[in-house]
Amino acid sequence: MSLILFAFVARVRDGLPLSASTDFEYNRELQEKKRQLRTISRALALFPERAAVKGQELNIYLVSSEGVSYMSVCHWSIPAAMAFCFLEDLRWEFTACYNASVVSLADRPYPFLEFDGAIQKLKQQYNRKGGPALQVTLAEVQEDLRLRPPQILTLEELELTNGSANGHTEQQLATSGQSVKLEPVTAPGILSLVLNIMCASLNVIRGVHLIEYTFQEDYDSMRNVVAFLVAFLCCLLQCHLYIFHSRLKAAKSLGLLSAIVLCNVFLRELRNAWQIAFHVGVASLSTALTFRRKVQDRSPDCRV
């Protein structure tokens, strides 16, 4: 049986998977350990530089250095020093192939899948010959572990830390438009934006003109001014919702559509049926396209 079953490389700051060894085994505990690896990767910034998670038959070991974390799933019989020696060798290999700037600029999962070849060679070196392959000697790692023993993590700590990381991620998604990518803007979407801007312009022009008339003749028309300006603001917000990702997008879209409909109903004495139908139709088109514009799917894991 292999002593080192799976290796995984991820970026520390956001847990982005960078590379992994190809999965040829379907052991139930191995699949559970891989799930735990994904849990760990979402909160790497909260974990120490060197740690281990003990299991029944399989253990997880991780080493983080220079913004990259190197993790492995190993059989329980392999000495901890040997497992960390493997991770140090893996770190040497990875840093020789990819510099910090390339890692920092990666924007999709598994951008360095070709590194799997190097991982497989390193795994074979350890599984068949049972020893280090590159820069690090077993004695050096054993001494380092004696001076700085790795932190042993429990499943409870993983789940608790993952919950904290998920909360941080949700907040980040809400405040950073770069965290989520939407599908490309379509031709109907561009048409919708143009029509929405046109409707917003018509509303603000009518509203400004009505303000001048209101101050001179009829102060009771101020409610109509408010209706025009609210409709103007709703048109701009519809454009924003279509272009940028937002939480509760469906509820916000329906709320804006309802407000535009109510404003046009209120302004029925100042607009004819065709004008009202145009404004409501543009708002409805924008709402439908906002619903259809989904978040881009992530790249598949490619069995890693």
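## Close-up views of a predicted model

**Figure 1. A cluster of aromatic rings.** Ring pairs join Y70, F94, Y98, F112 and F115 into a cluster. The model shown here and in the following views is predicted. A search of the whole structure gives ten aromatic pairs. One of these pairs is formed by F94 and Y98, whose rings are tilted, with 5.0 Å centre to centre and 45° between the planes. F94 counts as buried because its relative accessibility is 1%. Y98 is likewise classed as buried, because its relative accessible area is 13% and the limit for this class is under 20%.

Figure 2. Among the ten aromatic pairs found in the whole structure, F6 and F8 form one that is stacked, with 6.5 Å centre to centre and 15° between the planes. Both F6 and F8 are buried. A pair of aromatic rings is described by the distance of the centres and the angle of the planes. The ring of F6 also has a charged neighbour: K34 lies over the face of F6, at 4.8 Å from the ring centre.

Figure 3. K123 is located in helix α4, which covers residues 116–129. Is K123 buried or exposed? K123 counts as buried, because its relative accessibility is 9%. When residues up to four places away in sequence are not counted, K123 touches I4, L5, F6, S21 and F86.

Figure 4. A search of the whole structure finds six salt bridges. Side chains of opposite charge can pair when their charged atoms come close. E32 and R35 form a salt bridge in which the closest N and O atoms are 2.6 Å apart. Both residues belong to helix α1 (residues 28–41), and they are three residues apart, about one turn of the helix. E32 is partly exposed, since its relative accessible area is 33%. R35 is also partly exposed, with a relative accessible area of 33%.

Figure 5. R91 and E88 form a salt bridge, and their closest N and O atoms are 3.1 Å apart. Helix α2 (residues 80–97) holds both R91 and E88, which stand three residues apart, about one turn of the helix. How is E88 classed, given its relative accessible area of 13%? E88 is buried, because a relative accessible area of 13% falls under the 20% limit for that class.

Figure 6. The side chains of E143 and R146 meet in a salt bridge, at 2.6 Å from N to O. E143 and R146 both lie in helix α5 (residues 138–147), three residues apart, about one turn of the helix. E143 counts as partly exposed, with a relative accessibility of 36%, whereas R146 is exposed, with a relative accessible area of 57%. Salt bridges that share partners join R50, D144 and R148 into one network. R50 also lies over the face of F84, at 5.6 Å from the ring centre.

Figure 7. V185, I190, V194, M198, L202 and F278 make a nonpolar surface patch of about 480 Å². Which helix gives the most to the nonpolar patch? Helix α7 (residues 187–216) does, with four residues. V194 lies in helix α7. Because its relative accessible area is 47%, V194 is classed as partly exposed.

**Figure 8. The setting of the close-up views in the whole chain.** The secondary structure of the protein chain comes to ten helices and six strands. Of its 304 residues, 43% count as buried. Among the contacts in the protein chain with a separation of 6 or more, 70% are accounted for by residues 24 or more positions apart. The accessible surface of the protein chain comes to about 16,800 Å², and 59% of this surface belongs to carbon and sulfur atoms.

Conventions:
Residues are numbered from 1 along each chain as its sequence is written. This is a predicted model: local features need pLDDT of at least 70, side-chain atom pairs count only at pLDDT 80 or more; totals for chains, interfaces and linings use all residues. Side-chain values use heavy atoms; hydrogens and water are left out. Helices (H or I, at least four residues) and strands (E, at least two) are DSSP runs, numbered from the N terminus. Buried means under 20% relative accessible area, exposed over 50%, partly exposed in between (1.4 Å probe, protein chains only). Contact means heavy atoms within 4.5 Å. Rings of Phe, Tyr and Trp (its six-membered ring) pair if their centres lie within 6.5 Å; planes under 30 degrees apart count as stacked, over 60 as edge-to-face and the rest as tilted. A charge sits over a ring if NZ of Lys or CZ of Arg is within 6 Å of the ring centre and within 35 degrees of the ring normal. Patches are made of residues with over 30% relative accessible area and no salt bridge: like charges are joined within 9 Å, nonpolar side chains (Val, Leu, Ile, Met, Phe, Trp, Tyr) within 5 Å. Accessible areas come from the Shrake-Rupley method with a 1.4 Å probe; for residues, only the protein chains shown count as cover. A salt bridge is a side-chain nitrogen of Lys or Arg within 4 Å of a carboxyl oxygen of Asp or Glu.
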